[in-house]
Amino acid sequence: MKKIIEKLNKLSTQKKIQLVVSIVLTMAILVIIPTYAWFSNRKQAATMAKVNSPAKLSIKSGFNEDIIQFEMSGIDVGNGSESGSQNFVFCVEGEDVSRYNLQIAHTTNIPFTYTLYRAHSDNGGTVEYKDKDQVVHRYSKAAQFIDSENLNAYGGYINAVEVDGRLIANSNYTEKSYTDSNYSDGSGSNHVQYYAEPLYWQSKASIQAKAMDGAIAYNEYTGEENKFLNYYVLEVSWDAGDFPEGNDKETDLIYITAQVD
């Protein structure tokens, strides 16, 4: 140490200044290196947070309006002497989701047939949707979600049984739909009326959010890398004679849910 001090004393003033500057720069580099590493780690953490951010999935009405605009009441079946149908538009919107599943649950008081279609906005489409300002938007039906033995079929009921040509629910999901006290008195007697047993329709395979069907793009968002918007048409149909005269007091409950796959 004594020799180092003697050498320093022999240096000219200019040399001493250069030495001090070099020491300061060395210390600065030592400080900057761990600081840069901290910023690098923070950047990596931010990137990971973005990649692993919670997926967003929601069901909305037609024209991507709030679900409160989705209205299925007031279906007019006339006097019941003719068959008919009515279409209802809804959509599934999501972010950071590539695939999802759909479920439709409904009671069976009214002998309606529910058929789900993928759809896309189309100025020449035959399905109309009036937004909250009463502006008409048009959609075209595309692929139908049908129930069949084909493993590639989009979906179907998981608890249906046919009675007198009419689909109603079996008791496979009674305990999951109702509490013990609601559906049984403990003696094995079922308190749930059979038309109140909900039918559960589910997609058989997960639905691709950004699917294509030839030239048809089901994703309505363009230029949105992580977002998608898929439209659907739920067709409610009936056959002639399904509604005897005076039988217009029944109601049904229907629930549509979506789940990230």
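## The nonpolar cores

In this predicted model, the largest nonpolar core comprises 29 residues. Within this core, the residues with the most contacts are F90, Y100, L116 and Y232. Five elements are named as giving two or more residues to the core: β2 (84-95), β3 (99-106), β4 (113-121), β10 (199-203) and β14 (227-238). The element that gives the most is β14, which supplies five residues. As general background, nonpolar side chains in soluble globular proteins tend to be buried together.

Y100 deserves a separate description. When neighbours within four places in sequence are left aside, the contacts of Y100 include L57, V92 and R118. Y100 is also in contact with S206, I207 and A209, as well as with F228, N230 and Y232. Further contacts of Y100 are Q259, V260 and D261.

## Strand β4 and its partners

Strand β4 is mostly covered, with seven of its nine residues buried. β4 runs antiparallel to β14, and seven bridges join the two strands. In this pairing, T113 has S237 of β14 as its bridge partner.

β4 also pairs with strand β6 (residues 136-145), again in the antiparallel sense, over five bridges. Here A119 stands opposite K141 in β6.

## The β8-β9 hairpin

Strands β8 (160-163) and β9 (166-169) form a hairpin with two residues between them. Their pairing is antiparallel and extends over four bridges. Within the pairing, A160 stands opposite A169 in β9.

D164 lies in the loop between these two strands. The phi of D164 is near 55 degrees, a positive value in a residue other than glycine. Because its relative accessibility is 80%, and exposed means over 50%, D164 counts as exposed.

## A positive phi at N64

Most residues other than glycine have a negative phi. N64 has a positive phi, near 60 degrees, and is a residue other than glycine. N64 is found in the loop between β1 (56-61) and β2.

The relative accessible area of N64 is 23%. Buried means under 20% and exposed means over 50%, so N64, at 23%, is partly exposed.

Note on methods: Residues are numbered from 1 along each chain as its sequence is written. This is a predicted model: local features need pLDDT of at least 70, side-chain atom pairs count only at pLDDT 80 or more; totals for chains, interfaces and linings use all residues. Side-chain values use heavy atoms; hydrogens and water are left out. A nonpolar core is a set of buried Ala, Val, Leu, Ile, Met, Phe, Trp, Tyr and Cys residues joined through side-chain atoms within 4.5 Å. Buried means under 20% relative accessible area, exposed over 50%, partly exposed in between (1.4 Å probe, protein chains only). Contact means heavy atoms within 4.5 Å. Two strands pair if DSSP finds at least two bridges between them.
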